[in-house]
Amino acid sequence: MRPRYSVRHAGLDGGEGARYLWRAMEPVVSIKGVNKTYASGFVALKKIDLEIGKGEIFALLGPNGAGKTTLINIICGIVTASSGTVTADGHDIVRDYRSARFRIGLVPQELTTDAFETVWATVSFSRGLFRRPANPAYVEKVLRELSLWDKRQSKIMTLSGGMKRRVMIAKALAHEPEILFLDEPTAGVDVELRRDMWALVRRLRAGGVTIILTTHYIDEAEEMADRIGIINKGELVVVEEKTKLMQKLGKRQLTLNLQEPMAELPAALAGWPLALKAQGNQLEYTFDTREAGAAVAGAGGSDTPQDIPSLLRRLAEIGIGFKDLSTSQSSLEEIFVNLVSDGTHAGQAGTPDGSRS
Ligand SMILES: Nc1ncnc2c1ncn2[C@@H]1O[C@H](COP(=O)(O)OP(=O)(O)OP(=O)(O)O)[C@@H](O)[C@H]1O
Ligand SMILES: [Mg+2]
């Protein structure tokens with residue numbers, strides 16, 4: 001079934017004023033029924049279905065060994081899938097490998113560069129590998145963007161780890177790919193470089209490049225991604241727009257600091273999802289973000305409205321006073337940990353709007 005993309009705009013950050021309508025466009029990467037069993041017999045991927053829209057930033061999250069690199073390497077033609085198909089910009093990555101690979105840039109998880117070459121030579125050579133004509137102005141632009149211009153004549157072995165990682169990115173960009181895979185681009189890089197990389201990724205996207213990245217820094221996904229895919233034990237357990245994911249699976253909590261401590265919850269509050277905390281000094285109300293602000297029927301057939309105003313009214317009616325209140329929302333990190341810790345499948349994977357069943 002054809003995915004339905006609805007129109008959205010984002011990316012107004014950075015003052016670019018650009019509108020990204022990736023969801024209205026054709027998928028640029030299409031993965032259908034991909035399985036991978038390594039020669040050892042280890043099943044690394046199970047029936048992966050995923051489509052990535054043109055110009056989106058997609059973050060693939062998952063614990064160590066989940067299968068993220070395996071999936072990226074399959075798309076980039078480094079690992080062969082046991083079954084299933086992948087197309088990049090309409091080109092089958094097996095039957096039409098050259099055309100597919102030409103459109104892809106890959107920054108691998110493991111640093112692999114020729115230690116004795118200079119930065120300039122290695123990036124220029126990479127461009128030549130894809131049979132792009134020499135373009136010193138473009139190579140210069142890439143090196144400047146990655147703050148490598150001053151190091152262009154340095155041998156790679158003389159660079160720091162973070163600089164080497166930037167060289168890997170420059171190499172991946174050398175042939176002007178439309179789709180860029182970044183497999184843990186910010187592992188082991190300092191805070192400033194991480195921010196530089198985020199800015200670079202946004203600029204690339206503004207230029208029409210589709211970006212698929214993996215990261216163990218959940219805040220990075222929270223900051224960067226339009227959409228998030230979570231892989232666990234070889235299965236894509238969730239694919240969802242970041243904002244929707246946080247709304248759907250996130251919990252919000254309202255904490256009231258009571259004027260008088262309570263020994264137990266009064267019967268008048270039965271049916272409310274409340275808990276007493278801090279030796280009865282705090283009343284904690286937990287609700288799903290999707291229900292926030294809406295008066296919904298209470299669980300178990302009760303028809304008590306369970307929104308914050310109703311709760312506050314009820315407390316006033318029964319004479320419970322509070323000094324102050326605060327709310328908190330679960331982070332993407334908490335959602336992620338919940339999804340991968342018990343192995344339950346909280347969402348339906350594979351469709352861009354991945355609505356939960
Ligand atoms: N060549 C191989 N032969 C056998 N098993 C492999 C091979 N490559 C990877 N695996 C196994 O496949 C699983 C997935 O590995 P993969 O590198 O895709 O994980 P990942 O999600 O990228 O993890 P990380 O976050 O640590 O990078 C792991 O259990 C790994 O040991
Ligand atoms: Mg990996």
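This is a short tour of the structure, stop by stop.

**Before you start.** The model is predicted, so to speak of local features a pLDDT of at least 70 is needed, side-chain atom pairs count only at pLDDT 80 or more, and totals for chains, interfaces and linings use all residues. Residues are numbered from 1 along each chain as its sequence is written, while chains are lettered from A and ligands numbered from 1 in the order in which they are written.

**The whole chain.** Show the cartoon first: the chain has ten helices and 14 strands. Helices (H or I, at least four residues) and strands (E, at least two) are DSSP runs, numbered from the N terminus. Buried residues make up 36% of the 357 residues; a residue is buried if 20 or more other C-beta atoms, placed from the backbone, lie within 10 Å of its own, exposed if 12 or fewer, and partly exposed in between.

**Ligand 1.** Next, select ligand 1 and the 13 residues around it. A residue belongs here if its C-beta atom, placed from the backbone, lies within 6 Å of the ligand. Tyr38, Asn64, Lys68, Thr69 and Thr70 come nearest. The shell divides into four nonpolar, eight polar and one charged residue; Ala, Val, Leu, Ile, Met, Phe, Trp, Tyr, Cys and Pro count as nonpolar, Asp, Glu, Lys and Arg as charged, and the others, Gly among them, as polar.

**Helix H1.** Which helix gives the most to this shell? It is H1, with three residues. Select residues 68–75 and you will find seven of the eight buried, including Leu71, Ile72, Ile74 and Ile75. Just after H1, look for Gly77, with a positive phi of about 80°.

**The open sheet.** Now select the six strands in the order S6-S7-S8-S3-S9-S10, an open sheet with mixed pairing. Strands S6 (104–107) and S10 (235–241) are at the edges; each has a single partner strand, so one side of each is left without a neighbour in the sheet. Two strands pair if DSSP finds at least two bridges between them. S9 (residues 227–232) and S10 pair in the antiparallel sense over six bridges, and Asn232 stands opposite Glu235 in S10.

**Helices across the sheet.** H10 (residues 332–341) lies across S3 (57–61), S9 and S10, at about 30° to S9. Axes are lines fitted to C-alpha atoms, for helices over the stretch in contact, and angles run from 0 to 180 degrees between N-to-C directions; contact puts two C-beta atoms, placed from the backbone, within 7 Å.
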